[in-house]
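Thank you all for coming; I would like to walk you through one structure today, taking it piece by piece.

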Amino acid sequence: MRVDVRKTYKLFIGGQFPRSESGRSYELLDAKGNFLANPALASRKDLRDAVVAARAASEKWASASAFNRSQILYRVAEVMEGRREQFVSEVMAQEGVTKAQAIKQVDAAIDLWVWYAGWCDKIPTIFGSTNPVSGSFYNFTTPEPVGVVAAFIDGNSSLIDIVHGIAPILAGGNVVIAIANEEYPLCAITLSEVIATSDVPGGVVNVLTGRTEELAPWVASHMDIDGVDGSGVEPAAYEAVKRDGADNLKRIYRFKAEGSPQRIISFMENKTVWHPIGI
Amino acid sequence: MKFEYAPAPESTAIVDIQSEYNLFIDGKFVPSKGGKRFETINPSNEKVLSRVTQATSADVDKAVKAATEAYRKTWSKLTGTQRGKYLFRIARILQERAREFAVLESMDNGKPIRETRDTDIPLAAAHFFYHAGWADKLDYAGLGKNPKPHGVVGQIIPWNFPMLMLAWKVAPALATGNTVVLKPAETTPLTALLFAEVCQQADLPKGVVNILTGDGSTGAAIVNHPGINKIAFTGSTEVGKIIAKSVASSKKALTLELGGKGANIIFEDAPIDETVEGIISGIFFNQGHVCCAGSRLLVQENIKDELLEKLKRRMSLIRVGDPLDKNTDLGAINSQAQLMKIRELAESGDAEGAQRWSPQCQLPEKGFWFPPTFFTGVSQAHRIAREEIFGPVLSVITFRTPSEAIEKANNTPYGLSAGIWTDKGSRILWSAQQLKAGVIWANTFNKFDPASPFGGYKESGWGREGGLHGLSAYLKGDFS
């Protein structure tokens, strides 16, 4: 008989896989109520560390060429494909679905990631503009990333929602701190292992597992976070995030569970540049 | 040699100011339910122009009901093509009555007639004309097929460009099919009330535009009214944050155009005479009452002395005085309260060790005035480098390398505007890329156009006004 080598699920901050500085974890059960894992229970300090890592990585990621970002995101999909079996077993364990259903979700998640990867170098063309102003000026508008975005992952599914929460933020040139759904942390951490081996620079993606309720107020009041995807926050807590987030006028949105370029451009700012035309 | 100018006052005969104004609700001027009246004065001579109404929350309620009825029964029933034609009508009437608006704006606000005549009012008309054409083309706004309006929009506008800000708010709201409850600023209500007459002349269906005069309490009643679906606010970052918190627990959509502390960056190879003109328009346009003013002059160290000499000479030629005089460059400060704020911040500049300079200029005895001023020896930590002064006061800061210029320019919670002056094309584009600001003027400053989106990064606001991007502030796409 061979004893399994089980996996320890840790956080993903600045390209590293630390445990929570708080030393806390929580017991995760599978759909049948059996023990599954002890994911880390991230603290406020872990969040702050993640923000520092994200901010440090922000400028380089934002200034990478759109084609380069697109290739890196596509590379993530390639590596996801190689981990298909692992994602399938995690989806089954967490959601209690059949293998066929799990395969369907994993395939859709990988395809969705590819779809977002292709957006990187289309966004400025489709959502930017040249503007016919009066007078002798050239005037154009182009969307740019806001910077550091925190994403609370929704819980409709154990993998697809994570893709919705991370890929579009990266596609727009933002860096992300994803707060995994409390019930579905496993795919989030496995995806971060994929990301760590896919040429995504350290700090561009950070993944925290833990309690959304505990972390939401710290995210909302953190003055170095520029945007929040609140899709995974309960309505009452979401109002509080909007209220506290107003202290530095964070861009705060939540989205329907479907792929949309709106998820990308919501965390982009339009910059308009004027220049005179003359000899 | 100094040229003397004879006075060249614009006649006020063209305007007909009533001694008192009611509120404009449901297509008619109606008295308030219990609201008192307050005076609006000409800030250049402190004479009372009229007495307007302090709208109460009962008035807000009445206006919201009228706007809701208008939305349900008429405005949302019209096709975009028909809606657009009302906006075209309004644009034409504004052009026909442009001089009247320009004179009235100058009297109520204190800004020079040259600016109201050549900038504020023509741009306001252009805004209606531009958005009129959008009304039947909203499928192309990038928000999916058949995007929907919010319904009733509450709009609160500032005193610095009263009529232009009204146009920035009302034109896109109507073009996209919303109805409006608008509150002009407390100190500058008169052109908004004249606009109500324009709506009547255009036969705009009743209740589509409602105008309530009043102070911050009227604004708060609008922000908190449950019948309003979207709030659009232009004003200070401080108030913007309060509004954002107020609507957090409602379903109201919100866009904000807030403060700024724009950096105007002068590189050593800048064409110096044009640059001086750009600095002047950047900070002294509209007495510096401009959220996107170039209020921080970042000048490369090796050209500082030459530039400041030329700037001093140019500032000595600025004509401060009667706003209605066609030769006036710098008009009156809009209110006593704003004058106090400018003085207080300028005094903090003295106290913190910066050096103040103003040209010799004689200020009128009556009214609220502040001379064109700059401070040198300003550090990044000084209040005059960090806080929005909203007056004709420029803070001069030096830099050595382009990277340092960008670092200093971005070192602010604001992100509305920035200027770049250099002869080198690649440096313009590099700087424009690095600057965290929504509007970048390269080798120009303070230019505006209805086709050009305007709005800020960071704490300068949410959303854009104008252009394609401004439309999304008033529409719900199929994604949300």
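This is a predicted model: local features need pLDDT of at least 70, side-chain atom pairs count only at pLDDT 80 or more; totals for chains, interfaces and linings use all residues.

Residues are numbered from 1 along each chain as its sequence is written, and chains are lettered from A and ligands numbered from 1 in the order in which they are written.

Staying with α10(B), the buried residues are B:Leu307, B:Leu311 and B:Met315. They cover an arc of only 65° around the axis, which puts them on the same side of α10(B), the arc being that of the directions from the helix axis to the C-beta atoms. These buried residues pack against β11 (263-266), α9 (272-284) and β12 (296-300) of chain B, where contact means that the C-beta atoms, placed from the backbone, lie within 7 Å. Helices (H or I, at least four residues) and strands (E, at least two) are DSSP runs, numbered from the N terminus.

How many strands form the open sheet that includes β11(B) and β12(B)? There are 10, in the order β3(A)-β4(A)-β10(A)-β17(B)-β16(B)-β11(B)-β12(B)-β15(B)-β14(B)-β13(B), with mixed pairing; two strands pair if DSSP finds at least two bridges between them. The edge strands, each pairing on one side only, are β3 (129-130) of chain A and β13 (355-357) of chain B.

Within chain A, β4 (residues 137-145) and β10 (residues 268-276) pair in the antiparallel sense over nine bridges, and A:Thr141 has A:Thr272 in β10(A) as its bridge partner. In chain B, β15(B) is mostly covered, since six of its seven residues are buried. This strand pairs in the parallel sense with β12(B) over five bridges and with β14(B), again in the parallel sense, over three bridges. B:Ser395 in β15(B) is the bridge partner of B:Arg296 and also of B:Phe375.

Turning to the contact between the chains, 27 residues come from chain A and 29 residues from chain B. On the side of chain A that touches chain B, the elements giving two or more residues are β4, α9 (235-245) and β10 of chain A, and β10(A) gives the most, with eight residues.

Chain A also has an open sheet of five strands, in the order β7-β6-β5-β8-β9, and here the pairing is parallel. Its edge strands are β7 (205-208) and β9 (251-253) of chain A, each of which pairs on one side only.

Finally, helix α4 (residues 99-117) and helix α6 (residues 160-171) of chain A pack at an angle of about 10°, with their axes 9 Å apart; axes are lines fitted to C-alpha atoms, for helices over the stretch in contact, and angles run from 0 to 180 degrees between N-to-C directions. That makes α4(A) roughly parallel to α6(A), since angles under 35 degrees count as roughly parallel, over 145 as roughly antiparallel, 65 to 115 as roughly perpendicular and the rest as oblique.

How values were computed
A residue is buried if 20 or more other C-beta atoms lie within 10 Å of its own, exposed if 12 or fewer, and partly exposed in between; C-beta atoms are placed from the backbone. Two residues are in contact if their C-beta atoms, placed from the backbone, lie within 7 Å.
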